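Hi everyone, and thanks for coming. Let me walk you through a structure that may be new to you, starting with what is packed inside.

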Amino acid sequence: MPVFKDEEQTYEVFGGLWREVLAESKLSEKIRKTKLTMKFITRNPDSCMWICHDRVITGPEADHDAVITMELPADMAHEFWLDKLNLGTALSSNEVKVRGPLPKLMGLLPMLKFVYKKYPAHCEKHGLPTE
């Protein structure tokens, strides 16, 4: 059974997570300093989210160019934010596609630790499984 019932729920969960993260952490400043923009495109359900240091845009309005773009099934994105996805395996199997400069991508991964820590509580708030 899929984790997300529809596109709107992915926006509530992932968009809400990133809005909280940018408001509550130093990650926003790190993203600003590195001029990083990110776009997450999910399938099943389909959604698009664009993130920069001071805003999160979801839906059709999120179709902006980004430094890093990640495309993956929504359930796999859920596993990714729970820090349960073997990214190397997912990339090599083409289930996850990432576009952007490798140094920026590698620099992004350590910054995501705060997001990984925050996501389980965010899931519980939205009634999503964490196991």
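First, some housekeeping. This is a predicted model, where local features need pLDDT of at least 70 and side-chain atom pairs count only at pLDDT 80 or more, while totals for chains, interfaces and linings use all residues. Residues are numbered from 1 along each chain as its sequence is written, and side-chain values use heavy atoms, with hydrogens and water left out.

Now the core. In soluble globular proteins, nonpolar side chains tend to be buried together. A nonpolar core here is a set of buried Ala, Val, Leu, Ile, Met, Phe, Trp, Tyr and Cys residues joined through side-chain atoms within 4.5 Å; buried means under 20% relative accessible area, with a 1.4 Å probe and protein chains only. The largest such core has 38 residues, and Trp 18, Met 38, Trp 81 and Tyr 119 have the most contacts inside it. Helix H1 supplies the largest share of this core, 6 residues.

What does Trp 18 touch, leaving out residues up to four places away in sequence? Its partners include Met 38, Phe 40, Trp 81 and Leu 112, where contact means heavy atoms within 4.5 Å.

A cavity is a set of points on a 1 Å grid over the protein atoms alone where a 1.4 Å probe fits but cannot get out, and lining residues have an atom within 4 Å of a point. Points are joined across faces, edges and corners, and a volume is the space filled by probe spheres set on them. There are 2 cavities of 30 Å³ or more.

Helix H5 (102-111) gives the most here, with 3 residues.

Last, Thr 130, in the segment after helix H6 (113-125). Is Thr 130 buried or exposed? Thr 130 counts as buried because its relative accessibility is 18%. Beyond its sequence neighbours up to four places away, Thr 130 touches Leu 82, Lys 84, Pro 120, Cys 123 and Glu 124.

Technical notes. On a 1 Å grid over the protein atoms alone, a cavity is a set of points where a 1.4 Å probe fits but cannot get out, and a pocket is an open set with protein on both sides within 12 Å along at least five of seven lines; lining residues have an atom within 4 Å of a point. Helices (H or I, at least four residues) and strands (E, at least two) are DSSP runs, numbered from the N terminus. Buried means under 20% relative accessible area, exposed over 50%, partly exposed in between (1.4 Å probe, protein chains only).
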